[in-house]
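Here is a short briefing on one model.

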Amino acid sequence: RSITMDSGSIEQLQQRAELGLHQLLDFWEYQLFFPETTDFHSLVDSNLQADPTAPKHIVLATRLVWTFAAAFRRTGKERHLRLARFFYQYLQDHFLDREHGGYFWEVTAEGSPSALSKRLYGQSFALYAISEFARVSEDTEAEQAARDIYDLVAEKAYDREYGGCFEGFSRDWQYTQQEQLTGINPHSQGCKTMNTHLHLLEAHAGFHRLEGDEASRQRLKQYLQILSQKVLHRQQARFQLFFDRRWNSLTADVSYGHDIEGSWLLWEAAELAGDWDWLTSVKAAASAMAEAVYRHGWHSQGGLVYEYSPKTGSDPRRSWWVQSEAVVGFLNAWQLTKDERFLEAALSVWSFIDQELIDKEHGGWYAFALADKRPSNRIDGFTCPYHNARMYLEVLDRLDQMEK
């Protein structure tokens, strides 16, 4: 069947996205803070019970900065900017290592450093979040903080012989193989991952939006080249996940969520880089990646599965973040190709989110589809309003462009 995107359907989707965004932000604002204090919860379980003793994680803190800063750009509501500023200041007061530079992986519930390693996944989100906050707030100190972490990653973490960044370092930025082993990289001989480099790409895209100079554009192209030429398996139109220092792939596993997310982040980076050769190449790659996910990533009962391993088969979990990225990735693929299958896929996943992931009683999203019967935390180190808030913001931005 043919799907059209006329002015009426655009307006309807805009209304759904605006409502969804505000309901999501309201849930997080309500659930985050201790009553009558300026402290915030870092762990809320599936029953909406908070643990005030839980440590605070760099990924949660930075994603909260990014989310409320990006939301302010859309909503113009001063409280969203105040929340972004609050979490930015918390990041600077408690996570920033003023002796050795960079940001700690974790702090205690009271805000004292507890996990001192410098993991590049965390540094990437610090760059991403601070760049966005500096851009919308025009805070000169935040602008300098973004430049500081941007320069530090280039100086301390970049592999000048083979390209890309290592996974982790000690507090004083010393490399050991033990620091490469994390929940993001389970391979003993691995030291580089798709996941970290994908978020380094989006972080450098955000920094280039802030700075807009030739040096940041060239650095963005550097990461675009790594993702396109080292991480992407062109023949299979998928990202490879784990690598040794020389970029030899260590597994054949497939991450459908990262592939569909990466398809639109690659295109975003190529557009920002403004290079015709990159645009042509990345358009083909992004479209092929979306096609591969469209063909192989669906769960039989709707939504996308988590990942696939040749050894164990599909992981059938239908995660909140995978569905969020599927909406944006399929919408982006439709805009690139005009193939209506992709628009239908985006709308199908959006309907699945509405039925299976949104908590209509208390607000917010569940971490996994209700039908998966996997109770999990509503707030923790990685469960944050970033993928889903960004989904709404991306949909709104793209619909705005279509109206012009």
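Buried means under 20% relative accessible area, exposed over 50%, and partly exposed in between, with a 1.4 Å probe and protein chains only. This is a predicted model: local features need pLDDT of at least 70, side-chain atom pairs count only at pLDDT 80 or more, and totals for chains, interfaces and linings use all residues. Residues are numbered from 1 along each chain as its sequence is written, and side-chain values use heavy atoms, with hydrogens and water left out. Helices (H or I, at least four residues) and strands (E, at least two) are DSSP runs numbered from the N terminus.

**Glutamine 240**
- Glutamine 240 sits in the loop between β8 (238-239) and β9 (242-243).
- Its relative accessible area is 13%, so glutamine 240 is buried.
- Its side chain makes a polar contact of 3.5 Å with the side chain of serine 249. Such a contact is a pair of N or O atoms within 3.5 Å; within protein, one must be able to donate a hydrogen and the other to accept it, and residues adjacent in sequence count only if both atoms are side-chain atoms.
- Leaving aside residues up to four places away in sequence, glutamine 240 touches Met194, Lys230, Val231, Leu232, His233 and Ser249 (contact means heavy atoms within 4.5 Å).

**Largest pocket**
- A pocket is an open set of points on a 1 Å grid over the protein atoms alone, where a 1.4 Å probe fits, with protein on both sides within 12 Å along at least five of seven lines; lining residues have an atom within 4 Å of a point.
- The largest pocket holds about 730 Å³ of space.
- Of its 31 lining residues, Asn195, His258, Tyr306, Trp321 and Phe382 are the closest to the centre.
- α6 (194-211), α8 (256-273) and α10 (320-337) each give two or more residues to this lining. α6 gives the most, with three.

**Second largest pocket**
- About 560 Å³ of space lies in the second largest pocket.
- It has 23 lining residues, and Arg209, Glu268, Glu394, Asp397 and Arg398 lie nearest its centre.
- α12 gives the most to this lining, with eight residues.

**Helix α9**
- The 21 residues of α9 (residues 276-296) should span 30 Å at 1.5 Å a residue, and the end C-alpha atoms are 30 Å apart, which agrees. The expected span is 1.5 Å times one less than the number of residues.
- Buried residues of α9 include Trp278, Leu279, Val282 and Met289.
- The buried residues of α9 pack against α7 (214-231), β7 (232-233), β8, α8, α10 and α11 (340-356).
- At the start of α9, a side-chain oxygen of aspartate 275 comes within 2.9 Å of the backbone nitrogen of aspartate 277.

Methods: Grid points are joined across faces, edges and corners, and a volume is the space filled by probe spheres set on the points.
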